[in-house]
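Let's take a walk through this model together, one feature at a time. Keep the viewer open as you read.

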Amino acid sequence: MLPMFDYLKPRSLDDALALIATTPKAFPIAGGTNLLVDVRSGKVQPEALVEVGFLDELCGIRKEGGEIVIGAGTTIAELLSDPMIESQLPVLHAASTTFANTLIRNRATIGGNLANNAPCADTAPALLVLDASVELASVRGKRSIKLEEFLTSPFETVRAVDELILAVRVSVPPRAAIGRFRKMGLRKISCMAKVDVAVLLDFNSEGICVDARIAMGAASPVARRAVDAEATLVGNPLHPERIRRAADQTAQAAVPRPGSEYKQQVVRSMVTKLLDDIAREGGDRRG
Amino acid sequence: MLEHVTPKPLPDVDLPTLKQVGKPLRRVDALGKAVGATVYAADFAMPNMLHAKVFRSPFPSARIAKLDVETARALPGVACVMTGEDTHGAKLNTDLPGQTGRAARAGSDAPVLASDIVRYVGEPIALVAAESIAIAEQALRLIEVEFEELPAVFDPEDALRPDAPILFEPDNVVAKYAIRKGDLAAGMADADLVVENTFTMPFIEHAYLEPDAGVAWVDEQGVINIRVCTQVVEHFRSIARALNVPQNKIRIRGTMVGGGFGSKEDVTVEIFLAFLARETGRPVKLEYTREEAFAATSKRHPFVVTHRTGVKKDGRITASEIKMVADSGAYPYLTPYVLLYATGMAAGPYKVDNLHVDSVAAATNQTFTSAFRGFGGPQAALGYEQQMDEIAKTLGLDSLEVRRINYLKRGETTTTGQEVKSAAWSEECATRAVHALGDRAPSTETRRIGRGMASYFQSYGRIMWFHDTSQAWVGLEQDGTVVLRCGVPDIGAGQSNSICQIAAELLGVPLERVTIYSTDSAVTPLAGTSTATRQLYMSGNAVTLACNEIRSRLLKRASESLGVAEEALDLGESRVFAISDSSKAIDLPDLAKLCASEGIGLSHLAQFNAPFTDGLDPETGQGDIWPDFTFGAHAVELAVDTETGEIELLKSAACHDVGRAINPAAVRGQICGGSHQGLGYALMEDFELKDGYIQTPSFAEYLIPTVLDFPTTDAIILESGTGVGPFGAKGIGEPALTPAAPAVANAVADALGVRIHDLPLTPKRILDAVQRSGRKDDGTAE
């Protein structure tokens, strides 16, 4: 059973930050789908859990100019039902559809998924191709940091113990950009990814790729972009030879655990399939 | 392969039309479960109740150098802490569960609490009972213990080597069998070709919905009552022995079981509860967490199975040499019997006249293995059915054709020389299962379609030298309703419903007019274990005997009233009527009152005895083991992604001869559920241990199939009417699982052109096989 701990519900963000800063062994909690499992098993032994998911600053999805700001307390279910996410960030929407199961999606939050930084966190590859930034706050002030820099090593991030993720900020991709996401696990729902791949490509009117982003999860200690593969695609039409090389480069950028080298082959295949799809779609559009 | 197969015509079977049996009636247990009225083991509480927790070994092999529970005992709110010293070294009597059996096997039964050596991670060492779960958990942390780690062994083949650490003297051999049938050398010499393959299977977790739980208390007679989810209420005897109390001072009140699959065939929480209730004199509750249910209860045996088969060019088997190595884990539990089942079914539903089987189970420092739906049968089938496909492939023949010419027929003998006396509809079932797949989907370069099928035969009813019995009491009330008392544990497969439906049939009342009281070792007649696919056979026959006695009394008295001969009367719709003129009738309530006023008893206790035999020939392993066998087949079609290693199961069809379907909806449920479990065995389930430590401690890591993963199995039910159960029924509970996994393995081999010899068929293994097959794709888009 869960051990005893204090459950603190602050009145405001400032209260929350103060509580986290001053209470020994206090952990912020929103969905709790990772944290409570660890508390129950004894891996995490909190003296207090500070409820933060409901705070105004962590709630809601809003547009600010060319950017979309997603409150860290936004649940995966809320992401899924948000029309703006579906129409403007389809790659994140797609990642959300593969996330765990309905029960977990109703509780788990985007901020928690990033803060936990499991190698197989489903939102991470999608947010990496969206060039997301993470907004952090503490009693010492606020800062914003690129997601690539935020995710440091498995289950570790740059978040200081007294810091709270407020929101995730992404630039809305150009209208012509095409995003895709694919997950492979051992079963169709409710499982951790064996490999996640997200791609986001933008083309000019001549069909030349002007921006390319490829990210993968679960195939490396932390979710990461495949910058060499991206460079291969930019400045060129999406021809089979380019796709093949980009897929190879993405596979080479994967760093699976010993014994899981097959994941490189899976990455190569998934990237190939996603890029093939985009090539076909691009052809359709131009045609 | 496996296309355009025509169902083999069925022999003529004349099954009588029945009124209640054979209909998909709403099961008697359905409504209570649907509305949440069923009080499962963990749903129960008593005033003044304590909460228990178990302190377990964190090491796979260690000596307990120091165990000090005084600090834990002193914690306020702790009622008692018990160690092996307090249980006086009591052992679980894991041998021969149930009410019968002649001799206990000598040996290495697990201690209730380890006090010297621990042999697996999760082995119980101490018990705590406290005022709350929180206090009990705190007390666990106050137990002071020091371990000295000992050498350990984690692989059964390693465990059999001379230098292996020994779990129990003199060696790690837990059980060993040898079958010698015909002349192996002559059969091999007669062969055109010899095919040899080795197959492996992992540990599997039962993954029942309901973690083990129970409440125990001592009543005013000094009887220790234990309300628990179990497949075996007769464990009261071994519990009495462990506690050194008379057997009539332990009462098991079995609850509706939220899934057992064999795991609740062993003693789980009930023995701890008995010790704690006696020690404290207060009600005690113990409920395992999911992680504890994973770590503390049995698993399916990993097997290594090698087949060396001599065949003629036309596929006929001339000789077969089979070797099996099973992993028993740290304690024997039911391993000797699981190994016997696998050994006795090793050659499958095929006529093999020249046969050697050598099997051995070895102890390792891992979670113990014991009963699991199929009880060694699925492992045997994974051996013989993958081998049949390999034989067909080697000879360039159709796999169904190779099976067809080797299928065992009625009157022929099994691996142990036992004659099959009921219908053996292997070909009837196989052709129907394959036919049900319809047209084959087209393959593409990277999405290979594969088809596979598997036949099987599986016993139902217990090993006959266990001298199995079942009792049932049936009574007709004066308003014409029926009361059934039978100790049958209902583990969700419809055990209680089946016997109610039989009583309704024989006493001529609607199912709603039958009420059953079950699963109480003190007040319901003992019906034996809900294991071995035996309840319909055993208790169904016991209920039939009891009902027929009452039925004959009713017909006799009605005959006098109506002036119609007994043979010309029938029972139905709560009345006795003349078959030729149904207006000549007497209502059951009137007849029951009449009997009561005249002193004609309308209740009866009956006992059904299974055939008793003496066991196998010690030299040859030949002899009769089981009362009868179920035959059937499973077929699947699937798609393998050769680039990602993903498998999509497209179609699944199973056909079984169940003898007679007492409740076709329940039979369908067994076939669909059993096949899903078997499909998961092939495709994802893997209870992983690394150096004795569990790598899949919960449902986050141990994956079982969800409803979205596989299509619903098309269940084709055949009824030969030839079984030894009531109305010619055979058993289907365990058989439903057995052929599913080999069918999948064969389909994957069909898709890839190479076989993967190890389960489960994960993407990693698929991609390795793709590489082997030389069809490695370089990832270029087509």
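How many salt bridges does the structure hold over all chains? The count comes to 59. Please keep in mind that this is a predicted model.

In chain A, the side chains of Asp277(A) and Arg280(A) meet in a salt bridge, with 3.0 Å from N to O. Both residues belong to helix α12 of chain A, which covers residues 262-286, and they sit three residues apart, about one turn of the helix.

Other salt bridges link the two chains. Across the interface of chain B and chain A, the rule finds four of them. Among them is the pair Arg182(A) and Glu646(B), whose closest N and O atoms are 3.2 Å apart. On the side of chain B that touches chain A, α3 (133-142) and α18 (763-772) each supply at least two residues. The residues of that side divide into eleven nonpolar, six polar and ten charged.

How might one put a size on such an interface? The accessible area lost when the parts come together is often given. Here chain B and chain A bury about 2,300 Å² between them, and 59% of that is on carbon and sulfur atoms. In residues, 27 of chain B are in contact with 23 of chain A.

Now turn to the packing inside chain B. Helix α14 (residues 535-562) and helix α15 (residues 588-598) of chain B pack with their axes 10 Å apart, at an angle of about 95 degrees. Angles of 65 to 115 degrees count as roughly perpendicular, so α14(B) and α15(B) are roughly perpendicular to each other. From α14(B), the contact is made by Leu554(B), Arg557(B), Ala558(B) and Ser561(B), while α15(B) brings Leu588(B), Leu591(B), Leu594(B), Cys595(B) and Glu598(B). By class, this contact has six nonpolar, one polar and two charged residues.

Finally, a look at the backbone. Most residues other than glycine have a negative phi, and most peptide bonds are trans. Glu169(B) and Pro170(B) are joined by a cis peptide bond, with omega about 5 degrees; Pro170(B) lies in the loop between α4 (156-159) and β7 (173-181) of chain B. The peptide bond from Leu759(B) to Pro760(B) is cis too, with omega near -10 degrees, and Pro760(B) is found in the loop between α17 (740-752) and α18 of chain B. In chain A, Lys25(A) has a positive phi, near 50 degrees, and its place is the loop between α1 (13-22) and β2 (26-29).

Methods. Residues are numbered from 1 along each chain as its sequence is written. Chains are lettered from A and ligands numbered from 1 in the order in which they are written. This is a predicted model: local features need pLDDT of at least 70, side-chain atom pairs count only at pLDDT 80 or more; totals for chains, interfaces and linings use all residues. Side-chain values use heavy atoms; hydrogens and water are left out. Axes are lines fitted to C-alpha atoms, for helices over the stretch in contact, and angles run from 0 to 180 degrees between N-to-C directions. Helices (H or I, at least four residues) and strands (E, at least two) are DSSP runs, numbered from the N terminus. Angles under 35 degrees count as roughly parallel, over 145 as roughly antiparallel, 65 to 115 as roughly perpendicular and the rest as oblique. Contact means heavy atoms within 4.5 Å. Ala, Val, Leu, Ile, Met, Phe, Trp, Tyr, Cys and Pro count as nonpolar, Asp, Glu, Lys and Arg as charged, and the others, Gly among them, as polar. Buried area is the accessible area (1.4 Å probe) that two parts lose on being put together, summed over both. A salt bridge is a side-chain nitrogen of Lys or Arg within 4 Å of a carboxyl oxygen of Asp or Glu.
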